[in-house]
Amino acid sequence: MMKREVLAAEERRCSRINKEELFFKFQPMVDSRFCITGMAAELHHARCNRIINSVKDLLIPPASGTSSALESAWSFAEACSQISRWEKEEEKQDWKLSIAFHLDAVIRNYGIDFLKRILNKSQIDTSKLYLEVDEIASLPRIDCTLINGIKALRSMGVKISVNNFGTEYSSLHRLKEVPVDRITIGGEFIESIFHNKTDQLIFSNIMALAKMLKVEVLIKDINNLEQFEYFAKNQCDMLSGDVLGFRANQQEI
């Protein structure tokens, strides 16, 4: 089979699992004025009713490769389709969409050409698609294949995000090693920043560095208005969390 036909067959395979297996739920991302700038998509599995947010949550352990690649490939294709639908609605046409993504498995199973094909077919503004590449934070070392994949996606306009910046292996060194467009801060750090002067100092320095490097900052896991006001006052680019009050499926947005 020709390479083009192989890519088409894999694309059809991705689309078939939609109705039976996987679906997105969306949580708003807003700016400091509380205006919606886009959605963070959580991948859910229909049969076991659980969130698949990262490589660790995929149905089959990442060592098997194929399953995690298929689910990430489906997420990528569905994200492009969702952005295309939003671009046809005036009030949503500027929305961004953020998804967790297992880039290494996709590259090794399908290759970058597969992702290029989906992007070209969708004809979306690729700068609206943010990929939270799990491996940037979870792997002790980033190999050339992954870095080249990240560079290839960025050359197509896709944005790359480091999820949970400052945890596991995501650090200041990673910003030097891997070209990224956004860092995400969340978890316990959001709670402790109000009671810990050291955390406040660290946060101020992260914000200053991000602005210097022209890297966006998303604050997630915001649970109350006090937290929202603090991070909005500090001019974070995007804010997300339960304070916004809902997770919606495609029809509810």
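Which residues in helix 6 are buried? They are Leu-146, Ile-147, Gly-149, Ile-150, Ala-152 and Leu-153. Buried means under 20% relative accessible area, exposed means over 50%, and partly exposed lies in between (1.4 Å probe, protein chains only).

## Basis

This is a predicted model, in which local features need pLDDT of at least 70 and side-chain atom pairs count only at pLDDT 80 or more, while totals for chains, interfaces and linings use all residues. Residues are numbered from 1 along each chain as its sequence is written, and side-chain values use heavy atoms, with hydrogens and water left out.

## Overall make-up

The protein has ten helices and nine strands. Helices (H or I, at least four residues) and strands (E, at least two) are DSSP runs, numbered from the N terminus. Of its 253 residues, 51% count as buried.

The protein exposes about 12,700 Å², and carbon and sulfur atoms supply 50% of that area. Accessible areas come from the Shrake-Rupley method with a 1.4 Å probe; for residues, only the protein chains shown count as cover. Contact means heavy atoms within 4.5 Å. Among contacts between residues at least 6 apart in sequence, 66% join residues at least 24 apart.

## Nonpolar cores

A nonpolar core is a set of buried Ala, Val, Leu, Ile, Met, Phe, Trp, Tyr and Cys residues joined through side-chain atoms within 4.5 Å. The largest one has 69 residues. Phe-76, Leu-131, Phe-203, Ile-219 and Phe-231 have the most contacts inside it. Helix 2 (residues 66-86) gives the most to this core, with ten residues. A second, separate core has five residues, among them Met-29, Ala-40, Tyr-130 and Leu-218.

Phe-203 touches Ile-185, Phe-189, Ile-193, Ile-219, Tyr-230, Phe-231, Asn-234 and Cys-236, not counting residues up to four places away in sequence.

## Ser-72 in helix 2

Ser-72 lies in helix 2. Ser-72 is buried, with a relative accessible area of 5%. Leaving aside neighbours within four places in sequence, Ser-72 is in contact with Phe-101, His-102 and Val-106. The C-alpha atoms of Ser-72 and Ala-105 are separated by 8.3 Å, and these residues are 33 apart along the chain.

## Strands 1 and 2

Seven of the nine residues of strand 1 (residues 22-30) are buried, so this strand is largely enclosed by the rest of the structure. Strand 1 pairs with strand 2 (residues 36-45) in the antiparallel sense, over nine bridges. Two strands pair if DSSP finds at least two bridges between them. Phe-24 stands opposite Leu-43 in strand 2. The hairpin has five residues between the strands, and Phe-34 takes a positive phi near 75° there.

Thr-37 has its place in strand 2. Thr-37 counts as buried, at 16% relative accessibility. Leaving aside neighbours within four places in sequence, its contacts are Met-29, Val-30, Asp-31, Asp-94, Trp-95, Lys-96 and Met-238.

Five of the five residues of strand 5 (residues 129-133) are buried, so strand 5 is largely enclosed by the rest of the structure. In a regular strand the side chains alternate between the two faces of the sheet. Leu-129, Leu-131 and Val-133 point one way from strand 5, and Tyr-130 and Glu-132 point the other way.

Strand 4 (residues 96-101) pairs with strand 5 in the parallel sense over five bridges. Ala-100 has Glu-132 in strand 5 as its bridge partner. Strand 5 and strand 6 (residues 159-162) also run parallel, joined by three bridges. Leu-131 stands opposite Ile-160 in strand 6.

## Helix 6 and its ends

Helix 6 (residues 144-155) has twelve residues. The helix reaches 16 Å from its first C-alpha to its last, close to the 16 Å expected at 1.5 Å a residue. The expected span is 1.5 Å times one less than the number of residues. Asp-143 caps the N-terminal end of helix 6, with a side-chain oxygen 3.2 Å from the backbone nitrogen of Thr-145. Just after helix 6, Gly-157 takes a positive phi of about 100°.

Most residues other than glycine have a negative phi. Asp-221 has a positive phi of about 65° although it is not a glycine. Asp-221 sits in the loop between strand 8 (216-219) and helix 10 (225-233). Asp-221 is partly exposed, with a relative accessible area of 33%.

Gln-235 has a positive phi of about 60° and is not a glycine. Gln-235 lies in the loop between helix 10 and strand 9 (238-239). Gln-235 counts as exposed, at 53% relative accessibility.

Conventions. Polar contact = N/O pair within 3.5 Å; in protein donor to acceptor, adjacent residues only side chain to side chain.
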